[in-house]
Amino acid sequence: TNKQLALTGARGEVVAFQVILRAEGGELDNVSVDCGDFKSPQHTIPAKHTAFFRELYVRLKPDPKYMARRWYTEAEYPDALVPFKDPYDSAARPVGAPFKLSTQKNQPVWADVQIPRDAPPGRYTARLTVNAGGARVAEALVQLTVWDFELPESWKLNAVMDLYLTNLTQGEGLPGGSGFTEEKSAFLKRYDQMAFAHGFYNMYWWPRPEYSFDAQGSLAKIDWTDYDKYFGDILSGKLLGVVPPCWKMPLPEFPNFTKKSWKDEVTDASLTSYREYSQEMAEHFEKNGWKIPLLYVYTIDEPGNLYKGSAESILRIADAVRQGSKDRFKFFIPHGETVGVGHVNFWAIYPSDYKPAKMAARQKAGDVIWFYQGCHEWQGLPVVYIPDYALAMRLWAWIAWKYDADGMFHWASTYWGSEPY
(Lines give C-alpha, C1' and ligand atoms only; values in the text may rest on other atoms or scores of the structure.)
Protein backbone atom coordinates (compact mmCIF):
# COMPACT_ATOMS: atom_id res chain seq x y z
CA THR A 1 0.00 0.00 0.00
CA ASN A 2 3.01 2.30 0.21
CA LYS A 3 3.66 2.04 -3.54
CA GLN A 4 2.43 4.88 -5.74
CA LEU A 5 2.29 5.76 -9.41
CA ALA A 6 2.09 9.38 -10.56
CA LEU A 7 0.51 10.35 -13.91
CA THR A 8 -0.12 13.75 -15.48
CA GLY A 9 -2.10 14.68 -18.56
CA ALA A 10 -4.50 17.04 -20.28
CA ARG A 11 -8.21 16.61 -20.86
CA GLY A 12 -8.71 14.41 -23.90
CA GLU A 13 -5.28 12.79 -23.53
CA VAL A 14 -4.44 9.11 -23.08
CA VAL A 15 -1.74 8.56 -20.45
CA ALA A 16 -0.11 5.19 -19.86
CA PHE A 17 1.75 3.26 -17.20
CA GLN A 18 3.17 -0.22 -16.74
CA VAL A 19 3.06 -2.68 -13.86
CA ILE A 20 5.68 -5.45 -13.75
CA LEU A 21 4.48 -8.62 -12.03
CA ARG A 22 6.68 -11.42 -10.78
CA ALA A 23 5.84 -14.53 -8.76
CA GLU A 24 8.69 -15.26 -6.36
CA GLY A 25 7.19 -17.96 -4.14
CA GLY A 26 5.57 -20.15 -6.80
CA GLU A 27 3.29 -19.93 -9.81
CA LEU A 28 0.05 -17.99 -9.49
CA ASP A 29 -3.14 -18.78 -11.40
CA ASN A 30 -6.05 -16.58 -12.38
CA VAL A 31 -4.00 -13.40 -12.20
CA SER A 32 -5.51 -10.07 -13.18
CA VAL A 33 -5.01 -6.36 -12.53
CA ASP A 34 -7.77 -3.88 -11.80
CA CYS A 35 -8.05 -0.16 -11.15
CA GLY A 36 -10.94 1.59 -9.44
CA ASP A 37 -12.43 5.01 -10.13
CA PHE A 38 -10.13 8.03 -10.15
CA LYS A 39 -11.58 10.38 -7.54
CA SER A 40 -10.99 13.99 -6.56
CA PRO A 41 -12.97 16.01 -4.02
CA GLN A 42 -15.11 17.43 -6.85
CA HIS A 43 -15.25 14.75 -9.55
CA THR A 44 -14.93 11.05 -10.42
CA ILE A 45 -13.40 9.51 -13.53
CA PRO A 46 -15.06 6.08 -13.83
CA ALA A 47 -12.93 2.95 -13.93
CA LYS A 48 -14.16 2.22 -17.49
CA HIS A 49 -11.70 4.87 -18.71
CA THR A 50 -8.77 2.59 -17.79
CA ALA A 51 -7.89 -0.29 -20.13
CA PHE A 52 -5.34 -3.03 -19.35
CA PHE A 53 -3.20 -5.10 -21.71
CA ARG A 54 -0.98 -8.12 -21.13
CA GLU A 55 2.39 -7.71 -22.83
CA LEU A 56 3.56 -10.72 -24.83
CA TYR A 57 7.22 -11.51 -25.38
CA VAL A 58 8.79 -11.94 -28.81
CA ARG A 59 12.19 -13.61 -29.19
CA LEU A 60 14.47 -11.52 -31.38
CA LYS A 61 17.70 -12.52 -33.00
CA PRO A 62 19.65 -9.67 -34.62
CA ASP A 63 20.07 -10.07 -38.37
CA PRO A 64 23.73 -9.32 -39.24
CA LYS A 65 22.64 -7.94 -42.60
CA TYR A 66 20.72 -5.09 -41.00
CA MET A 67 21.57 -5.12 -37.33
CA ALA A 68 25.34 -5.45 -37.10
CA ARG A 69 25.65 -2.16 -35.26
CA ARG A 70 22.63 -2.50 -33.02
CA TRP A 71 23.15 -2.69 -29.30
CA TYR A 72 20.91 -5.60 -28.37
CA THR A 73 21.44 -9.35 -28.33
CA GLU A 74 19.18 -12.32 -28.87
CA ALA A 75 16.57 -12.30 -26.14
CA GLU A 76 12.85 -12.03 -25.44
CA TYR A 77 11.37 -8.53 -25.62
CA PRO A 78 7.85 -7.44 -24.63
CA ASP A 79 5.95 -6.22 -27.68
CA ALA A 80 2.36 -7.21 -28.48
CA LEU A 81 -0.36 -5.78 -26.21
CA VAL A 82 -3.27 -8.18 -25.66
CA PRO A 83 -6.32 -6.40 -24.18
CA PHE A 84 -7.71 -7.88 -20.99
CA LYS A 85 -11.17 -7.48 -22.55
CA ASP A 86 -12.16 -7.53 -26.21
CA PRO A 87 -12.76 -3.83 -27.05
CA TYR A 88 -14.82 -4.77 -30.12
CA ASP A 89 -17.20 -7.15 -28.31
CA SER A 90 -20.28 -5.64 -26.65
CA ALA A 91 -20.04 -8.34 -23.97
CA ALA A 92 -16.36 -7.47 -23.34
CA ARG A 93 -15.29 -11.11 -23.39
CA PRO A 94 -11.99 -11.83 -21.57
CA VAL A 95 -8.94 -12.18 -23.80
CA GLY A 96 -5.66 -11.22 -22.13
CA ALA A 97 -6.66 -11.91 -18.53
CA PRO A 98 -6.82 -13.77 -16.26
CA PHE A 99 -3.44 -15.38 -16.88
CA LYS A 100 -0.86 -17.57 -15.19
CA LEU A 101 2.13 -15.87 -13.57
CA SER A 102 5.28 -17.97 -13.81
CA THR A 103 8.13 -17.94 -11.34
CA GLN A 104 11.33 -16.03 -12.01
CA LYS A 105 9.93 -14.26 -15.07
CA ASN A 106 8.60 -10.73 -15.37
CA GLN A 107 5.10 -10.23 -16.73
CA PRO A 108 4.52 -6.60 -17.78
CA VAL A 109 0.99 -5.21 -17.83
CA TRP A 110 0.27 -2.03 -19.78
CA ALA A 111 -2.50 0.41 -18.83
CA ASP A 112 -4.09 3.24 -20.85
CA VAL A 113 -6.03 5.92 -18.98
CA GLN A 114 -8.33 8.02 -21.15
CA ILE A 115 -8.85 11.41 -19.48
CA PRO A 116 -12.39 12.61 -20.28
CA ARG A 117 -12.74 15.99 -21.96
CA ASP A 118 -15.12 17.15 -19.23
CA ALA A 119 -12.82 16.20 -16.32
CA PRO A 120 -12.15 19.23 -14.07
CA PRO A 121 -8.44 19.94 -13.48
CA GLY A 122 -6.92 18.73 -10.25
CA ARG A 123 -5.45 15.67 -8.54
CA TYR A 124 -7.26 12.34 -8.63
CA THR A 125 -6.47 9.08 -6.85
CA ALA A 126 -7.37 5.47 -7.69
CA ARG A 127 -6.49 2.13 -6.13
CA LEU A 128 -4.69 -0.44 -8.26
CA THR A 129 -5.06 -4.09 -7.24
CA VAL A 130 -3.42 -7.32 -8.33
CA ASN A 131 -5.59 -10.39 -7.82
CA ALA A 132 -4.70 -14.08 -8.04
CA GLY A 133 -7.04 -17.02 -7.49
CA GLY A 134 -9.79 -14.68 -6.30
CA ALA A 135 -7.62 -13.04 -3.61
CA ARG A 136 -5.91 -9.67 -3.53
CA VAL A 137 -2.13 -10.17 -3.48
CA ALA A 138 -0.84 -6.62 -4.05
CA GLU A 139 -2.07 -3.06 -4.37
CA ALA A 140 -0.84 0.46 -5.03
CA LEU A 141 -2.19 3.99 -5.35
CA VAL A 142 -2.30 5.77 -8.69
CA GLN A 143 -2.30 9.57 -8.65
CA LEU A 144 -3.49 11.39 -11.75
CA THR A 145 -3.02 15.15 -12.15
CA VAL A 146 -5.30 16.60 -14.83
CA TRP A 147 -3.98 19.81 -16.32
CA ASP A 148 -6.24 22.78 -16.99
CA PHE A 149 -6.30 22.57 -20.79
CA GLU A 150 -7.75 20.25 -23.43
CA LEU A 151 -6.06 18.55 -26.38
CA PRO A 152 -7.72 19.25 -29.74
CA GLU A 153 -9.97 16.52 -31.11
CA SER A 154 -8.09 16.54 -34.40
CA TRP A 155 -4.37 16.99 -34.91
CA LYS A 156 -2.51 19.21 -37.33
CA LEU A 157 0.39 16.83 -37.87
CA ASN A 158 -0.41 13.96 -40.24
CA ALA A 159 1.18 10.63 -39.34
CA VAL A 160 0.94 7.45 -41.42
CA MET A 161 2.43 3.97 -41.31
CA ASP A 162 2.70 1.45 -44.12
CA LEU A 163 0.35 -1.48 -43.53
CA TYR A 164 1.26 -4.46 -45.69
CA LEU A 165 -1.86 -6.51 -46.34
CA THR A 166 -0.04 -9.71 -47.34
CA ASN A 167 2.06 -9.69 -44.17
CA LEU A 168 -1.01 -8.87 -42.09
CA THR A 169 -3.08 -11.72 -43.49
CA GLN A 170 -0.26 -14.21 -43.00
CA GLY A 171 0.46 -13.05 -39.48
CA GLU A 172 -3.18 -13.02 -38.41
CA GLY A 173 -4.06 -16.29 -40.17
CA LEU A 174 -6.49 -14.65 -42.60
CA PRO A 175 -7.33 -15.69 -46.18
CA GLY A 176 -4.64 -14.63 -48.64
CA GLY A 177 -4.99 -12.52 -51.77
CA SER A 178 -6.56 -9.11 -52.20
CA GLY A 179 -10.13 -10.34 -52.74
CA PHE A 180 -12.81 -9.21 -50.33
CA THR A 181 -13.82 -11.27 -47.31
CA GLU A 182 -15.88 -10.08 -44.35
CA GLU A 183 -13.28 -11.42 -41.92
CA LYS A 184 -10.42 -9.54 -43.58
CA SER A 185 -12.50 -6.38 -43.81
CA ALA A 186 -13.29 -6.55 -40.08
CA PHE A 187 -9.58 -6.88 -39.28
CA LEU A 188 -8.65 -3.87 -41.41
CA LYS A 189 -11.34 -1.77 -39.74
CA ARG A 190 -10.00 -2.72 -36.31
CA TYR A 191 -6.48 -1.83 -37.35
CA ASP A 192 -7.76 1.54 -38.62
CA GLN A 193 -9.59 2.17 -35.35
CA MET A 194 -6.52 1.22 -33.33
CA ALA A 195 -4.27 3.48 -35.42
CA PHE A 196 -6.67 6.40 -35.08
CA ALA A 197 -6.88 5.94 -31.32
CA HIS A 198 -3.08 6.33 -31.17
CA GLY A 199 -2.79 9.35 -33.43
CA PHE A 200 -1.93 7.96 -36.86
CA TYR A 201 -3.48 6.44 -40.00
CA ASN A 202 -2.64 3.34 -42.00
CA MET A 203 -1.24 3.59 -45.53
CA TYR A 204 -2.39 0.81 -47.88
CA TRP A 205 -0.78 -0.52 -51.05
CA TRP A 206 -3.49 -3.16 -51.27
CA PRO A 207 -6.37 -3.72 -51.90
CA ARG A 208 -6.78 -1.85 -55.20
CA PRO A 209 -9.56 -1.79 -57.78
CA GLU A 210 -9.47 -4.43 -60.49
CA TYR A 211 -8.50 -2.76 -63.79
CA SER A 212 -7.32 -3.46 -67.34
CA PHE A 213 -5.97 -1.35 -70.22
CA ASP A 214 -5.99 -1.67 -74.00
CA ALA A 215 -2.90 -1.69 -76.20
CA GLN A 216 -2.86 2.12 -76.34
CA GLY A 217 -2.87 2.38 -72.57
CA SER A 218 -6.47 3.56 -72.26
CA LEU A 219 -8.49 2.34 -69.31
CA ALA A 220 -10.66 -0.50 -70.60
CA LYS A 221 -12.28 -1.71 -67.38
CA ILE A 222 -12.25 -0.95 -63.68
CA ASP A 223 -14.14 -2.51 -60.78
CA TRP A 224 -14.22 -0.65 -57.45
CA THR A 225 -16.51 -3.11 -55.67
CA ASP A 226 -14.05 -4.71 -53.27
CA TYR A 227 -12.12 -1.49 -52.68
CA ASP A 228 -15.29 0.33 -51.67
CA LYS A 229 -16.28 -2.49 -49.33
CA TYR A 230 -12.91 -2.33 -47.61
CA PHE A 231 -12.47 1.43 -47.36
CA GLY A 232 -15.85 3.08 -47.91
CA ASP A 233 -16.56 3.38 -44.18
CA ILE A 234 -13.27 5.03 -43.29
CA LEU A 235 -13.27 7.35 -46.32
CA SER A 236 -16.82 8.50 -45.63
CA GLY A 237 -16.08 9.19 -41.95
CA LYS A 238 -18.51 6.51 -40.78
CA LEU A 239 -15.85 4.30 -39.17
CA LEU A 240 -13.92 6.90 -37.16
CA GLY A 241 -16.41 9.75 -36.88
CA VAL A 242 -14.09 11.94 -39.00
CA VAL A 243 -12.64 11.58 -42.49
CA PRO A 244 -8.90 10.91 -42.70
CA PRO A 245 -6.84 14.07 -43.29
CA CYS A 246 -4.79 12.26 -45.94
CA TRP A 247 -5.09 9.14 -48.08
CA LYS A 248 -2.83 7.21 -50.44
CA MET A 249 -4.57 6.65 -53.77
CA PRO A 250 -4.70 3.03 -55.03
CA LEU A 251 -2.10 3.35 -57.78
CA PRO A 252 0.38 0.51 -58.37
CA GLU A 253 4.05 0.95 -57.62
CA PHE A 254 6.31 1.71 -60.56
CA PRO A 255 7.03 -0.44 -62.71
CA ASN A 256 3.56 0.36 -63.88
CA PHE A 257 0.66 -0.74 -66.01
CA THR A 258 2.42 -1.33 -69.33
CA LYS A 259 6.13 -1.44 -68.44
CA LYS A 260 7.99 -4.59 -67.51
CA SER A 261 10.93 -2.90 -65.80
CA TRP A 262 11.84 0.52 -64.48
CA LYS A 263 14.89 0.38 -66.75
CA ASP A 264 12.62 0.63 -69.80
CA GLU A 265 11.61 4.01 -71.15
CA VAL A 266 8.15 5.19 -70.12
CA THR A 267 5.99 4.83 -73.19
CA ASP A 268 3.17 7.07 -74.39
CA ALA A 269 0.80 4.20 -73.58
CA SER A 270 2.10 4.16 -70.00
CA LEU A 271 1.49 7.87 -69.60
CA THR A 272 -2.02 7.46 -71.02
CA SER A 273 -2.63 4.77 -68.39
CA TYR A 274 -1.47 7.08 -65.61
CA ARG A 275 -3.59 9.98 -66.84
CA GLU A 276 -6.78 8.00 -67.34
CA TYR A 277 -6.44 5.98 -64.16
CA SER A 278 -5.78 9.16 -62.15
CA GLN A 279 -8.82 10.79 -63.70
CA GLU A 280 -10.94 7.74 -62.84
CA MET A 281 -9.73 7.75 -59.22
CA ALA A 282 -10.48 11.46 -58.80
CA GLU A 283 -13.95 11.07 -60.29
CA HIS A 284 -14.73 8.00 -58.16
CA PHE A 285 -13.82 9.75 -54.93
CA GLU A 286 -15.81 12.81 -55.98
CA LYS A 287 -18.85 10.70 -56.89
CA ASN A 288 -18.81 9.02 -53.48
CA GLY A 289 -18.43 12.30 -51.62
CA TRP A 290 -15.11 11.28 -50.06
CA LYS A 291 -13.71 14.73 -49.33
CA ILE A 292 -10.23 13.91 -48.07
CA PRO A 293 -8.13 17.08 -47.66
CA LEU A 294 -4.87 15.53 -48.94
CA LEU A 295 -4.98 12.83 -51.61
CA TYR A 296 -1.61 11.63 -52.82
CA VAL A 297 -0.09 9.18 -55.27
CA TYR A 298 2.84 7.10 -54.02
CA THR A 299 4.02 5.08 -56.99
CA ILE A 300 7.77 5.88 -56.93
CA ASP A 301 9.66 4.52 -53.92
CA GLU A 302 13.05 6.04 -53.03
CA PRO A 303 14.19 7.02 -56.53
CA GLY A 304 17.74 7.72 -55.36
CA ASN A 305 18.09 4.08 -54.29
CA LEU A 306 15.77 2.11 -56.56
CA TYR A 307 15.36 4.07 -59.78
CA LYS A 308 18.72 5.61 -60.54
CA GLY A 309 18.85 6.96 -64.08
CA SER A 310 15.05 7.21 -64.32
CA ALA A 311 14.62 10.85 -63.32
CA GLU A 312 13.06 11.91 -66.63
CA SER A 313 10.60 9.01 -66.56
CA ILE A 314 9.59 9.84 -62.99
CA LEU A 315 8.89 13.46 -63.86
CA ARG A 316 6.77 12.44 -66.87
CA ILE A 317 4.75 10.12 -64.64
CA ALA A 318 4.29 12.88 -62.07
CA ASP A 319 3.01 15.23 -64.77
CA ALA A 320 0.60 12.58 -66.10
CA VAL A 321 -0.85 11.93 -62.64
CA ARG A 322 -1.35 15.61 -61.92
CA GLN A 323 -2.90 16.20 -65.35
CA GLY A 324 -5.28 13.26 -65.03
CA SER A 325 -6.44 14.29 -61.56
CA LYS A 326 -6.54 17.99 -62.51
CA ASP A 327 -4.06 18.60 -59.68
CA ARG A 328 -6.40 16.99 -57.16
CA PHE A 329 -3.57 14.59 -56.22
CA LYS A 330 -0.19 15.43 -54.79
CA PHE A 331 2.67 13.38 -56.24
CA PHE A 332 4.56 11.81 -53.32
CA ILE A 333 8.20 10.73 -53.21
CA PRO A 334 10.11 9.49 -50.14
CA HIS A 335 13.72 10.46 -50.68
CA GLY A 336 16.79 12.02 -49.16
CA GLU A 337 16.32 15.28 -51.03
CA THR A 338 13.85 17.14 -53.20
CA VAL A 339 14.03 15.90 -56.79
CA GLY A 340 11.88 17.06 -59.67
CA VAL A 341 10.83 20.40 -58.24
CA GLY A 342 7.92 21.72 -60.28
CA HIS A 343 6.72 18.19 -61.08
CA VAL A 344 6.80 16.40 -57.73
CA ASN A 345 4.98 18.40 -55.01
CA PHE A 346 4.93 16.13 -51.95
CA TRP A 347 8.17 15.14 -50.24
CA ALA A 348 9.02 12.80 -47.39
CA ILE A 349 12.60 13.62 -46.42
CA TYR A 350 15.12 11.55 -44.49
CA PRO A 351 15.80 13.29 -41.18
CA SER A 352 19.53 13.50 -41.91
CA ASP A 353 18.73 15.39 -45.15
CA TYR A 354 16.01 17.65 -43.76
CA LYS A 355 17.18 21.21 -44.43
CA PRO A 356 14.69 23.50 -42.65
CA ALA A 357 15.20 26.58 -44.87
CA LYS A 358 14.94 24.54 -48.06
CA MET A 359 11.85 22.71 -46.83
CA ALA A 360 10.21 25.97 -45.77
CA ALA A 361 10.74 27.33 -49.29
CA ARG A 362 8.99 24.31 -50.80
CA GLN A 363 6.08 24.70 -48.37
CA LYS A 364 5.79 28.38 -49.32
CA ALA A 365 5.51 27.25 -52.95
CA GLY A 366 2.58 25.00 -52.01
CA ASP A 367 4.37 21.67 -51.61
CA VAL A 368 3.77 19.25 -48.72
CA ILE A 369 6.75 18.24 -46.56
CA TRP A 370 6.88 15.17 -44.31
CA PHE A 371 9.57 13.40 -42.35
CA TYR A 372 10.47 9.92 -43.58
CA GLN A 373 11.66 7.44 -40.97
CA GLY A 374 12.43 3.78 -41.42
CA CYS A 375 15.15 1.40 -40.44
CA HIS A 376 18.19 3.58 -41.07
CA GLU A 377 20.41 3.43 -38.02
CA TRP A 378 22.49 6.41 -39.06
CA GLN A 379 19.55 8.79 -38.82
CA GLY A 380 19.89 8.94 -35.07
CA LEU A 381 16.39 7.99 -33.93
CA PRO A 382 15.52 4.43 -34.94
CA VAL A 383 11.87 3.70 -34.31
CA VAL A 384 11.08 0.55 -36.27
CA TYR A 385 12.59 -2.32 -34.34
CA ILE A 386 10.97 -3.76 -31.25
CA PRO A 387 13.82 -3.15 -28.76
CA ASP A 388 14.57 0.40 -29.92
CA TYR A 389 14.22 3.26 -27.50
CA ALA A 390 10.63 4.19 -26.69
CA LEU A 391 11.63 7.83 -26.45
CA ALA A 392 12.50 7.89 -30.17
CA MET A 393 8.89 7.63 -31.33
CA ARG A 394 7.78 10.35 -28.93
CA LEU A 395 10.48 12.74 -30.12
CA TRP A 396 9.35 12.70 -33.74
CA ALA A 397 6.25 14.79 -33.16
CA TRP A 398 8.26 17.39 -31.24
CA ILE A 399 10.92 17.57 -33.95
CA ALA A 400 8.23 17.93 -36.62
CA TRP A 401 6.61 20.72 -34.62
CA LYS A 402 9.94 22.52 -34.18
CA TYR A 403 10.64 22.52 -37.92
CA ASP A 404 7.00 22.97 -38.99
CA ALA A 405 6.84 19.73 -40.99
CA ASP A 406 3.38 18.81 -42.31
CA GLY A 407 3.55 15.15 -41.33
CA MET A 408 5.51 11.97 -40.67
CA PHE A 409 5.75 8.77 -42.71
CA HIS A 410 6.91 5.75 -40.69
CA TRP A 411 7.96 2.55 -42.42
CA ALA A 412 6.33 0.20 -41.48
CA SER A 413 3.69 -1.26 -39.15
CA THR A 414 3.17 -4.82 -40.41
CA TYR A 415 6.42 -5.72 -42.15
CA TRP A 416 6.22 -9.13 -40.51
CA GLY A 417 7.29 -12.67 -41.12
CA SER A 418 4.69 -15.41 -41.36
CA GLU A 419 4.59 -15.85 -37.56
CA PRO A 420 4.92 -12.40 -35.93
CA TYR A 421 3.72 -13.65 -32.55
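1. Tyr 298 is buried, at 2% relative accessible area; buried means under 20%, exposed over 50% and partly exposed in between, with a 1.4 Å probe and protein chains only. Phe 409 is also buried, with a value of 0%. This is a predicted model, in which local features need pLDDT of at least 70, side-chain atom pairs count only at pLDDT 80 or more, and totals for chains, interfaces and linings use all residues. Residues are numbered from 1 along each chain as its sequence is written, and side-chain values use heavy atoms, without hydrogens and water.

2. Rings of Phe, Tyr and Trp (its six-membered ring) pair if their centres lie within 6.5 Å; planes under 30 degrees apart are stacked, over 60 edge-to-face, the rest tilted. The count by this rule is 30 aromatic pairs. The ring centres of Tyr 298 and Phe 409 are 5.8 Å apart and the planes stand at 85°, so this pair is edge-to-face.

3. Tyr 354 and Phe 371 have ring centres 4.6 Å apart and planes at 50°, so they form a tilted pair. Tyr 354 is buried at 8% relative accessibility, and Phe 371 is buried at 3%.

4. One aromatic cluster includes Trp 205, Tyr 296, Tyr 298, Phe 332 and Phe 409.

5. A charge sits over a ring if NZ of Lys or CZ of Arg is within 6 Å of the ring centre and within 35 degrees of the ring normal. Arg 208 lies over the face of Trp 206, 3.9 Å from the ring centre. The charged end of Lys 402 is over the ring of Tyr 403, at 5.6 Å from its centre.
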